[in-house]
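Q: Can we go through this model together? I would like to start with the overall layout and then look at details.

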Amino acid sequence: MAAPRGITLYHSPASRAFTAYWMLEELGVPFSVKTVDIRKGEQKAPAYLKLNPAGKVPTLTDGPVVVSENPAIAIYLADRYGYGTLAPKIDEAARGEYLKWMVFSTAVVDPVATLHEQKIDLPGFNFSFGAFDDMVGVVTGVLKDRQFLVGDRFTAADVVLGGTLSRLLYQKVLPEDPVLTDYNARLTAREAFQRAADATWPAHLFPTPA
Ligand SMILES: N[C@@H](CCC(=O)N[C@@H](CS)C(=O)NCC(=O)O)C(=O)O
C-alpha cells in the first residue's frame with residue numbers, strides 16, 4: 001500500500017460525501033475531515049471553489065492531489081490504497097466491469113433516480129442515462145445472481161454504486177425488490193458503512209423518529 005500523504009476529506013452532513021467517507025473507512029487509511037456545511041452555503045466559499053469549482057461535496061486532497069466526484073475519488077483511493085483488493089488490477093478482466101459500475105452510478109443511476117423522484121420519467125432513447133425502469137432492470141439483473149457487483153468480491157464499485165442504491169432505497173425512490181434489499185443488507189452490515197453513516201447523519205442532527 002502506498003503511504004498516505006495527509007488525506008483531507010471535505011464533507012458535509014447529510015450529503016453524498018457519505019460515499020467518500022465510506023471508502024476511506026473501508027481502506028482504513030488515516031484521514032482528517034473538514035466540514036463544508038452545504039446548508040450554510042460553505043461549498044460556495046471562494047477558498048473551497050478553488051478546490052472544486054463545481055461547489056459540491058465531497059472533495060478529497062491527498063498531498064498535492066485534489067480530486068472530486070465520488071467515482072473519481074473512489075477510483076483514486078482504491079488504486080492507491082486498495083489495489084488488488086478494493087480495486088481489481090489493471091490486467092484483471094474484472095477491471096472492465098468495475099469501471100463500468102463506477103461510471104454508471106453517477107452517469108445513470110443518480111440522475112435517472114432524481115428525475116423519477118421528481119415524477120419526471122423520460123423515455124430512454126434520447127437520453128444518455130436512459131429510462132428509470134431500464135436502470136432498475138440493469139442493477140437487479142446483475143445482483144440477482146451474485147453477492148456484489150463484480151462477482152462475489154466486495155469492491156469500491158459497491159461503495160459507489162451500492163452507496164447510491166442504499167440511499168435511494170432509504171428514500172423510497174427504488175422499489176423494495178428483495179434483490180436490492182438483500183444486497184443493501186450486505187452493505188449496511190459492514191462496520192465501515194456504519195461509521196460513515198454515523199459521521200454523515202449524526203444522531204444529534206438527525207434523531208431517529210420516536
Ligand atoms: N456528482 C457529484 C455529486 C455531489 C453532490 O450532489 N453533492 C451535493 C450534496 S449531496 C452538493 O454538494 N450540493 C450543494 C450544492 O450544489 O450547492 C459526486 O458524485 O460527487
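What follows is a short exchange on domains, a helix pair and a ligand shell.

A: Keep in mind that this is a predicted model.

Q: Noted. How is the chain divided into domains?
A: Domain 1 takes 7-85 + 196-200, and domain 2 takes 94-190. Over C-alpha atoms, the centres of domain 1 and domain 2 are separated by 21 Å.

Q: And how many residues are in contact between them?
A: On the domain 1 side there are 12 residues, which are in contact with eight residues of domain 2.

Q: Which elements give two or more residues to the side of domain 1 that touches domain 2?
A: Those are α1 (17-27) and α3 (70-81). The residues on that side of domain 1 divide into seven nonpolar, three polar and two charged.

Q: Staying with α3, at what angle does α3 pack with α6?
A: At about 165°, with 9 Å between the axes; α6 covers residues 156-170. An angle over 145 degrees counts as roughly antiparallel, so α3 is roughly antiparallel to α6.

Q: Left-handed or right-handed crossing?
A: α3 passes α6 in a right-handed crossing.

Q: Which residues make the contact?
A: From α3, Asn70, Pro71, Ala74 and Ala78; from α6, Ala156, Val159 and Val160. The contact of α3 with α6 has six nonpolar residues, one polar and no charged.

Q: Different topic. Which residues are around the ligand?
A: Ser15, Arg16, Ile38, Gln43, Gly55, Lys56, Val57, Pro58, Glu69, Asn70 and Thr106.

Q: How do the residues of that shell divide?
A: Into three nonpolar, five polar and three charged.

Notes:
Residues numbered from 1 in each chain as written. Predicted model: local features only at pLDDT ≥ 70, side-chain atom pairs only at ≥ 80, totals over all residues. Domains from an automatic or database assignment. Contact = placed C-beta atoms within 7 Å. Helix = DSSP H or I, 4+ residues; strand = E, 2+ residues; numbered from the N terminus. Nonpolar A, V, L, I, M, F, W, Y, C, P; charged D, E, K, R; others polar. Near = placed C-beta within 6 Å. Axes fitted to C-alpha atoms, helices over the stretch in contact; angles between N-to-C directions. Parallel < 35°, antiparallel > 145°, perpendicular 65-115°, else oblique. Left-handed = near helix turned anticlockwise from the far one by under 90°.
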